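Hi there,

Here is the structure I promised to pass on.

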Amino acid sequence: MITNDEGIVHLKHKIIEEVARLAWDDNLNEQSKEELVYRIIPGPKALNRCCVYKERELVRQRIRLAEGLCPTPEDNSDNVIQILKPACEECPISAYTVTDNCRLCVGKPCQSSCNFGAISIGHHRSHIDVSKCKECGKCAAACPYSAIAHLERPCKKACPTGAITYDENGLCMIDENKCVQCGHCIHACPFGAISSKSYLVDIINEIKAGKEVIAMCAPATEGQFGKDITMASIKAGLMEMGFADMVEVGLGGDMTAAYESLEWKEAMEEGRKMTTSCCPAFINMMRRQFPEQFEKNMSTTVSPMCAISRYLKHKNPGCVTVFVGPCIAKKAESQDKSVPDNADYVMTYGEFRALLRSKDIELKPVDESYQEASVWGKRFAASGGVANAVLECMKERGVDTSDISLKKCAGGDECKKTLLLLKSGRLEEDFVEGMMCPGGCVGGPSKHKTEVEITRAREELLSKADKREVLENLKQYPMDKFSMFRDGHL
């Protein structure tokens, strides 16, 4: 993955890989975990932090996250996204600071504007007392030289819902009532202080217990590993690892599009606006910040991940389903008990690669072909893909879609703006496709390459897919045997 935190990502994935190796070997215990800490941070000198002891403590906390636990035994949170406090301690606390542009104005507009006595005048520049500063920003606005900078922390800046605040010590806190689990804050933090729980140990234990564990690969998978690694290549790697089978979730895209198209047609006849139901972070934003719109305008159709999980659980009773994709929020979706028979576990592409390495498996080109989804379902991963697939299903049913207007919003700010317009009754478009990540799922927080690289490889792979129609494709599957609605009713 190409990010501004390559070193942190490498360390995180290395720890997950080593924990997975221990799990495969039935050797995941307190002694082996402590030995792993010292193997990764041998000392005596620290590599990146202030001391080797902090580095080792962070490795211990990352090992717990790799086991699906909170960073410390004292933590008690069901949130997928967690704070590693020893790393967060290194982030600057003060939101406003005086730069070298300060000219020591005779009029002292910064000091005069402060109502809390937080600003004093030094020999070379003004100073802000962080214990008195209320972060109101009046001093920055008053400075004629723009010498006072607002140092908004990158985690807070990346959060689309205002879920990140700080305690009295300046440590990051996540308001779980606001957090939509999008994961944007994770890679925004340059100190690696935010991460997510991993469930690889549980998945390994299910495989070793002899259960029928079936992988479900997101539509965004094609292109993540280059143009030579097809869905058939991914399937071969997963089955070599011990998975019983793999199904592409693009097929779930076909299923979701088919059922959402019926809801769209009904909403269109009633003059009611509707939003898509595929992005769990978008759904969380609606549920928590726009509850009225969630009840009135959200599609009741399940996500493609849930659709495939229900299909597999009908076809293979007792099987364990594991979603593989670029999304952190999918982990939270799988734990939502209000939506029965969803995926049992979720792993990101980074975790998938760590799992492959833990078994010394490499993805390789294969001669076999594999396709269960239409191209419309495969394109769910990109912004506009969901809406286009729904429109295609309406057209296949003979519905005139020429007058339908769409709002395709991708990214937290765009989604929030669109929902505010919907709430106020000022949204002009008929239907909303909401995706929390810029560019759609291909821009998810756990993407393996840059969006440009992924898109280039995807287009080459998708150009080789056959052009089957969505509804015709679904005739091969027992759609009347499992529910496509969130509450599970047929």
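In helix H16, the buried residues are Tyr-349, Gly-350, Glu-351, Phe-352, Ala-354, Leu-355, Leu-356 and Ser-358. That makes H16 (residues 349-358) mostly covered, with 8 of its 10 residues buried. Buried here means under 20% relative accessible area, exposed means over 50%, and partly exposed lies in between (1.4 Å probe, protein chains only). Helices (H or I, at least four residues) and strands (E, at least two) are DSSP runs, numbered from the N terminus. After H16 comes Asp-360, with a positive phi near 55°.

A word on the source: this is a predicted model, in which local features need pLDDT of at least 70 and side-chain atom pairs count only at pLDDT 80 or more, while totals for chains, interfaces and linings use all residues. Residues are numbered from 1 along each chain as its sequence is written, and side-chain values use heavy atoms, with hydrogens and water left out.

Next, the pocket. The largest pocket holds about 390 Å³ of space and is lined by 23 residues. Asn-284, Arg-287, Ala-332, Glu-333 and Asp-336 lie nearest its centre. Helices H12 (280-289) and H15 (329-334) each supply at least two lining residues, and H12 gives the largest share, 5 residues. (On a 1 Å grid over the protein atoms alone, a pocket is an open set of points where a 1.4 Å probe fits, with protein on both sides within 12 Å along at least five of seven lines; lining residues have an atom within 4 Å of a point.)

There is also a pair of strands to look at. S14 (residues 406-410) and S15 (residues 431-435) run parallel and are joined by 5 bridges; strands pair if DSSP finds at least two bridges between them. Between them the chain passes through helix H19 (residues 412-424), in a right-handed β-α-β crossover. Right-handed means that, with the strands pointing away from the viewer, the path from the first strand over the helix to the second runs clockwise. Ala-410 has Met-435 in S15 as its bridge partner.

Glu-414 sits in H19 and is partly exposed, at 32% relative accessible area. Glu-414 and Gly-434 are 20 residues apart in sequence, and 8.7 Å apart in space from C-alpha to C-alpha.

Lastly, Asn-79 is in the loop between helix H3 (52-66) and strand S1 (81-83). Asn-79 is buried, with a relative accessible area of 4%, and a polar atom of its side chain lies 3.2 Å from the backbone oxygen of Ile-81.

Best wishes

Methods: Points joined across faces, edges and corners; volume = space filled by probe spheres on them. Polar contact = N/O pair within 3.5 Å; in protein donor to acceptor, adjacent residues only side chain to side chain.
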